[in-house]
Amino acid sequence: MKMVIAIVQKKDSNHLQSALIEAGFRSTRLASVGGFLSEGNVTFLIGVVDPQIPMVMEIIREHAQSRDQFVSSPAATDLGRSTMPVNVQVGGATVFVLPVEQFEQF
Ligand code: 2BA
């Protein structure tokens, strides 16, 4: 079994959530904030058995869109650097796949 941790943009999160439910995957949705942009994003925790990994990856890939954003980086501001807007490409999705040692539901 694996835990898939997928960080996606808020704009994509409802469609991804619906697609996961439709495909029969269970997930937990957490409101999160990116460390660089300090913007809200959504982190999904998806517990799956190993053979389901390709399918869940495909669903995430299909529903997470990459977007260009012009931002004044808060990190740059904190460091006293120029706050001239910079172009960053955010997403589609940042995905981690972790082994699950044990899974119980009581
Ligand atoms: P943020 O940390 O807010 O980053 C948003 C976007 O800003 C990133 O998009 C990337 O294009 C850019 N960026 C991030 N750190 C940067 C830096 N030090 N210098 C220049 N540009 C930087 P993504 O890479 O698609 O990441 C989207 C979100 O996924 C991130 O939001 C963060 O919440 C999460 N994430 C990405 N990599 C991660 C990692 N290694 N560990 C944990 N979370 C991660």
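**Entry 1: E39**

I started with the neighbours of E39: leaving out residues up to four places away in sequence, E39 touches S32, V33, G34, Q69 and V71. A reminder to myself before going on: this is a predicted model. I then placed E39, which sits in the loop between β2 and β3.

**Entry 2**

S38 is not a glycine, yet its phi is positive, at about 55°. The hairpin that β2 and β3 make has six residues between the strands, and the positive phi of S38 belongs to that hairpin. I noted S38 as partly exposed too, at 47% relative accessibility.

**Entry 2: A31**

Which residue in β3 is the bridge partner of A31? I found V42. I also took the C-alpha separation of A31 and N41, which are 10 residues apart along the chain, and wrote down 6.4 Å. A31 has a relative accessible area of 82% and is therefore exposed, the cut-off being over 50%. A general point to keep beside this: side chains in a regular strand alternate between the two faces of the sheet.

**Entry 3: the sheet**

I then traced the sheet that β2 and β3 belong to. It is open, has four strands in the order β2-β3-β1-β6, and its pairing is antiparallel. The edges are β2 (28-33) and β6 (93-99), each of them pairing on one side only. From one strand to the next, the twist averages 20°.

How many bridges join each pair? My tally, with a residue pair where I looked one up:

- β2 and β3 run antiparallel and are joined by six bridges.
- β1 and β3 run antiparallel and are joined by eight bridges; K2 stands opposite V48 in β3.
- β1 (residues 2-9) and β6 run antiparallel and are joined by seven bridges; M3 stands opposite L98 in β6.

The peptide bond joining G91 and G92 is cis, with omega at about -15°. G92 lies in the loop between β5 (86-90) and β6.

Which strands does helix α1 lie across? I found that α1 (residues 10-22) lies across β1, β2 and β3 (40-48), and that α1 runs at about 20° to β3.

I turned to the packing of α1 with helix α2 (residues 53-63). Their angle is about 150° and their axes are 9 Å apart. Angles over 145 count as roughly antiparallel, so I have α1 and α2 down as roughly antiparallel to each other. The crossing of α1 past α2 is right-handed.

For the contact itself, I listed D12, H15, L16, A19 and L20 on the α1 side, meeting V56, I59, I60 and H63 on the α2 side. By residue type, this contact of α1 with α2 divides into six nonpolar, two polar and one charged.

**Entry 4: the whole chain**

Last, I zoomed out. The chain has three helices and six strands. Along the sequence, I read the pattern as β-α-β-β-α-β-α-β-β. What share of the 106 residues is buried? I have 31% down for that. I also looked at contacts between residues at least 6 apart in sequence: of these, 68% join residues at least 24 apart.

**To keep in view**

How values were computed
Residues numbered from 1 in each chain as written. Predicted model: local features only at pLDDT ≥ 70, side-chain atom pairs only at ≥ 80, totals over all residues. Heavy atoms only, no water. Pairing = 2+ DSSP bridges. Axes fitted to C-alpha atoms, helices over the stretch in contact; angles between N-to-C directions. Contact = heavy atoms within 4.5 Å. Parallel < 35°, antiparallel > 145°, perpendicular 65-115°, else oblique. Left-handed = near helix turned anticlockwise from the far one by under 90°. Nonpolar A, V, L, I, M, F, W, Y, C, P; charged D, E, K, R; others polar. Buried < 20%, exposed > 50% of the residue type's maximum accessible area, 1.4 Å probe, protein only.
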